[in-house]
Amino acid sequence: MFFDKNNNYFKSDDYDIDKTNTLYSPSEGFNKGNMFSNLYSIYKNHNYMIKVNNEKDELLYKIQIYSFALKDYNLYLDIYPNDANILREFRDCKAALDDLKTKYQDKYGPLSIMGVNSTSKWTWINEPWPWDKGGR
């Protein structure tokens with residue numbers, strides 16, 4: 001189900017949706033809140049950019065960017081599961097995200113309890129919490 005520009009409800013099979021997608025890069029899509037340029041609508045000239053201060057923050061920011069892109073591709077593929085181009089973008093994005101998570105966890109520890117791999121000792125609590133290091 002969708003809404004057009006006049007907030008009229010329609011089902012995807014009732015409406016000819018333009019599927020000629022021009023994709024934004026993951027960082028531009030993240031900053032605009034939409035990976036698909038043909039679906040992007042600017043909000044009050046909003047321009048959102050984050051400045052990172054160190055390598056750890058940069059890795060976290062990139063993880064956030066690629067996580068967003070992956071979810072946006074996921075939502076699109078739920079509607080158009082046979083779109084080979086977006087499926088390829090999904091796989092490439094997932095590989096990049098997996099690589100970023102591995103780099104982060106190898107250097108800074110697990111991102112979540114799902115990243116704890118130790119079999120001899122519970123290591124989730126080994127890293128200082130963000131508030132123990134002044135937010136860094």
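I started with Glu-28 and Lys-32, which both lie in helix α1 (residues 26–32), four residues apart, about one turn of the helix. Helices here are DSSP runs of H or I with at least four residues, numbered from the N terminus. The model is a predicted one: local features need pLDDT of at least 70, side-chain atom pairs count only at pLDDT 80 or more, and totals for chains, interfaces and linings use all residues. Residues are numbered from 1 along each chain as its sequence is written, and side-chain values use heavy atoms, with hydrogens and water left out.

**Salt bridges**

I looked up the contact between these two side chains and found a salt bridge, with the closest N and O atoms 3.2 Å apart. The term means a side-chain nitrogen of Lys or Arg within 4 Å of a carboxyl oxygen of Asp or Glu. I then checked accessibility, where buried is under 20% relative accessible area, exposed is over 50% and partly exposed is in between (1.4 Å probe, protein chains only). Glu-28 is partly exposed at 34%, and Lys-32 is partly exposed at 32%.

How many salt bridges does the structure hold? I noted five. One of them joins Glu-55 and Lys-107, with 2.6 Å between the closest N and O atoms. This pair links distant parts of the chain, since Glu-55 is in helix α2 (residues 55–79) and Lys-107 is in helix α3 (residues 84–108), 52 residues apart. Glu-55 has 40% relative accessibility and counts as partly exposed.

I also looked at Glu-58 and Lys-62, whose side chains meet in a salt bridge at 3.2 Å, N to O. They are four residues apart in helix α2, so about one helical turn separates them. Glu-58 is partly exposed at 34% relative accessibility, and Lys-62 is partly exposed at 34%.

**Core and rings**

Next I looked up the largest nonpolar core, which has 16 residues. Such a core is a set of buried Ala, Val, Leu, Ile, Met, Phe, Trp, Tyr and Cys residues joined through side-chain atoms within 4.5 Å. Phe-36, Tyr-73, Tyr-76 and Ile-86 have the most contacts inside this core. Helices α2 and α3 each supply at least two of its residues, and the largest share, seven residues, comes from α2.

I listed the contacts (heavy atoms within 4.5 Å) of Tyr-73. Leaving aside neighbours within four places in sequence, Tyr-73 touches residues including Leu-23, Met-35, Phe-36, Ile-86 and Phe-90.

I counted six aromatic pairs. Rings of Phe, Tyr and Trp (its six-membered ring) pair if their centres lie within 6.5 Å; planes under 30 degrees apart count as stacked, over 60 as edge-to-face and the rest as tilted. Tyr-104 and Tyr-108 form a tilted pair, 5.2 Å centre to centre with 45° between the planes. Both of these tyrosines are buried. Ring pairs also link Phe-36, Tyr-73, Tyr-76 and Tyr-80 into a cluster.

**Helix α3**

I noted Ile-86, Cys-93, Leu-97 and Leu-100 among the buried residues of α3. What covers the buried residues of this helix includes α2.

**Confidence**

Last, I checked pLDDT, the predictor's confidence in each residue, from 0 to 100. The mean for the protein is 77, and 72% of its residues reach 70 or more. Over residues 1–17 the pLDDT is below 50, and beyond near neighbours in sequence this stretch has 15 contacts in the model.
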